[in-house]
Amino acid sequence: MSANGKPETRWPAIRFTVNDETRSVNVPPMKRLLDVLREDLHLTGTKEGCGEGECGSCSVRMNGELVNSCLVPVLQAEGAKIQTVEGLALDGNLHPLQAAFLHYGGAQCGICTPGMLMASAQLLADSPHPSDAEIREGLAGNLCRCTGFMRIFQSVAAAAAAQDAEPVKILEQTHHAR
Amino acid sequence: MRGNAEMHELVAPGTLGAVLDLLAAEPGEWTPIAGGTELMVAFSAGRLNARKLVNLWGIPDLRAIEVTPQSVAIGAAATFLDLRKHAVINAELPMLAKAASWIGSIANQSRATLGGNLVNGSPAADSSPALLAYDAEIETISVRGRRKVPYSRFHTGYKRNVLAHDELIYAIHLPRRFARHREYLRKVGTRRAMAIAKVALGATALLDHGVIREIRLGAASLAPYPIRLRQTEAALLGQAFTREVVLAARRALLAEVQPIDDIRSTAEYRRRVAVNLLEEFLLELRQERLRP
């Protein structure tokens, strides 16, 4: 039975992988990926802020691209590879971005942090040596009301530099089939 | 009021042909959805009227960008990040790459599609001024076949367009003949990222010994839908850059636009900014001509 008490078989299965694990959900196809992650898969690291694609709190990576999971009907995730903030750490070690956010005070209240981390992971995947302008553009869709952004930018720059010192694999995802 | 996913049907026929068959079988019943950056916002807020939606995301034919010697054909479901990453678009149609960078944020550009931007029909659409200035053509598709319409005639009113109930945009065609043209594209909004345009102007012009031989002006947020400024173009065509010509062009622009007061700006501010953008473009043109 699903959370609302209706039989799960009512909806056909939608399959995708989340952080390299195969998942299958029986939910309405229009259900937002954000809600499927949080309610059906109990991955509550992904946060809801505005619910309209303006704030970036719900950012996840889908097929190697950054998306606002509040704007993805889950049917469109069929067959996709999803990476959430829960998938950033490797073998129990913090991802360099997470370590840098911790060290440089890039996180305060924490609501924007998972989205900031995923947007930053996308940025480093696309551009391993981002300029300050590229960092600002990469995070322009992620709003933070605590830090004033400077410590976040500093954290991302530090993580990029740390990657150079000791290469760390970011979970790479294949590009969407054209 | 939150949207309820159980109240909306969403189907994914998987191929373009199957989508077109569905649209033809029940014309007007189905609302196509691609990247969802418009419809899912309405859904989340509980104000999505469409009850039956058909998925276009992931249909490869609709996301291709094909380059021929004459034109660049952009699949309707190509995303704005696809446009920004495309070598020929960056090299030959740089205003389109720039406009693509204006769309929301990276997470919006990875999902929002060029066809979606046009079908949504916002008067402030970011891609429209560049497409109008580049003389784009829209290719539509249905089970009845394909047809082409100039983009300047695609919009017919506020959020209205020439598409029939069973038709989709298939591709947006851009001619590859602007290498010698001067270009101008500027958006005025509240902040660099995420903001919707208060006013935007795109332009291409071809000069011959200081005389304007060809000119296209595309504008956003100055009318119920994105428009070519044809009266302003007429005031400039065949003219040289005298003060009188610039003043006549400013007058023509003010006479043909119909901006409104809304949450983002006022009609008066939009008029002032629009004529200033036009004059900035004309000054740039004159300065380039004077350059040795």
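Helices (H or I, at least four residues) and strands (E, at least two) are DSSP runs, numbered from the N terminus. The model is predicted, so local features need pLDDT of at least 70 and side-chain atom pairs count only at pLDDT 80 or more, whereas totals for chains, interfaces and linings use all residues. Residues are numbered from 1 along each chain as its sequence is written, and chains are lettered from A and ligands numbered from 1 in the order in which they are written.

**Stop 1: B:R176**

Select B:R176, which lies in the loop between β10 (168-175) and β11 (182-188) of chain B. A residue is buried if 20 or more other C-beta atoms lie within 10 Å of its own, exposed if 12 or fewer, and partly exposed in between, with C-beta atoms placed from the backbone. B:R176 has 16 other C-beta atoms within 10 Å and is therefore partly exposed.

Two residues are in contact if their C-beta atoms, placed from the backbone, lie within 7 Å. Leaving aside residues up to four places away in sequence, B:R176 touches B:Q70, B:S71, B:V72 and B:E92. Select B:V67 as well: 109 residues separate B:V67 from B:R176 in sequence, while the C-alpha to C-alpha distance is 9.2 Å.

**Stop 2: the domains of chain B**

Colour chain B by domain, with bounds that come from an automatic or database domain assignment: domain 1 (5-55), domain 2 (60-175) and domain 3 (182-290). Taken over C-alpha atoms, the centres of domain 1 and domain 2 of chain B are 20 Å apart. Their contact takes 13 residues from domain 1 of chain B and 17 residues from domain 2 of chain B. On the domain 1 side, helix α1 (residues 16-25) of chain B gives the most, with five residues.

For a colouring by residue class, Ala, Val, Leu, Ile, Met, Phe, Trp, Tyr, Cys and Pro count as nonpolar, Asp, Glu, Lys and Arg as charged, and the others, Gly among them, as polar. The side of domain 1 of chain B that touches domain 2 of chain B then divides into seven nonpolar, four polar and two charged residues.

**Stop 3: a sheet in chain B**

Select strands β1, β3 and β2 of chain B, which form an open sheet in that order with parallel pairing. Two strands pair if DSSP finds at least two bridges between them. β1 (9-11) and β2 (31-33) of chain B are the edge strands; each has a single partner strand, so one side of each is left without a neighbour in the sheet. From one strand to the next, the twist averages 30°, with axes as lines fitted to C-alpha atoms, for helices over the stretch in contact, and angles running from 0 to 180 degrees between N-to-C directions.

Between β1(B) and strand β3 (residues 52-55) of chain B, which run parallel, there are three bridges. For one pair to display, take B:L10, whose bridge partner in β3(B) is B:L53.

**Stop 4: the nonpolar core**

A nonpolar core is a set of buried Ala, Val, Leu, Ile, Met, Phe, Trp, Tyr and Cys residues joined through C-beta atoms within 7 Å. The largest has 139 residues, of which B:Y134, B:A219 and B:A274 touch the most other members. Helix α11 (residues 267-290) of chain B supplies the largest share of this core, eight residues. Centre the view on B:A219: not counting residues up to four places away in sequence, its contacts include B:P129, B:L201, B:V257 and B:A274.

**Stop 5: where chain B meets chain A**

Show both chains. The contact takes 27 residues from chain B and 28 residues from chain A. On the chain B side, the elements giving two or more residues are α2 (39-44) and α6 (106-109) of chain B, and α2(B) gives the most, with four residues. This side of chain B divides into 14 nonpolar, 10 polar and three charged residues.

**Stop 6: chain A**

From the N terminus on, its elements run β-β-α-β-β-β-α-α-α-α. Of its 178 residues, 47% are buried.

The domain assignment gives domain 1 (8-87) and domain 2 (96-165) of chain A, with C-alpha centres 22 Å apart. Strand β3 (residues 59-62) of chain A gives the most to the side of domain 1 that touches domain 2 of chain A, with three residues.

End at helix α2 (residues 96-104) of chain A, where A:P96, A:L97, A:Q98, A:A100 and A:F101 are buried. After α2(A) comes A:G105, which has a positive phi, near 70°.
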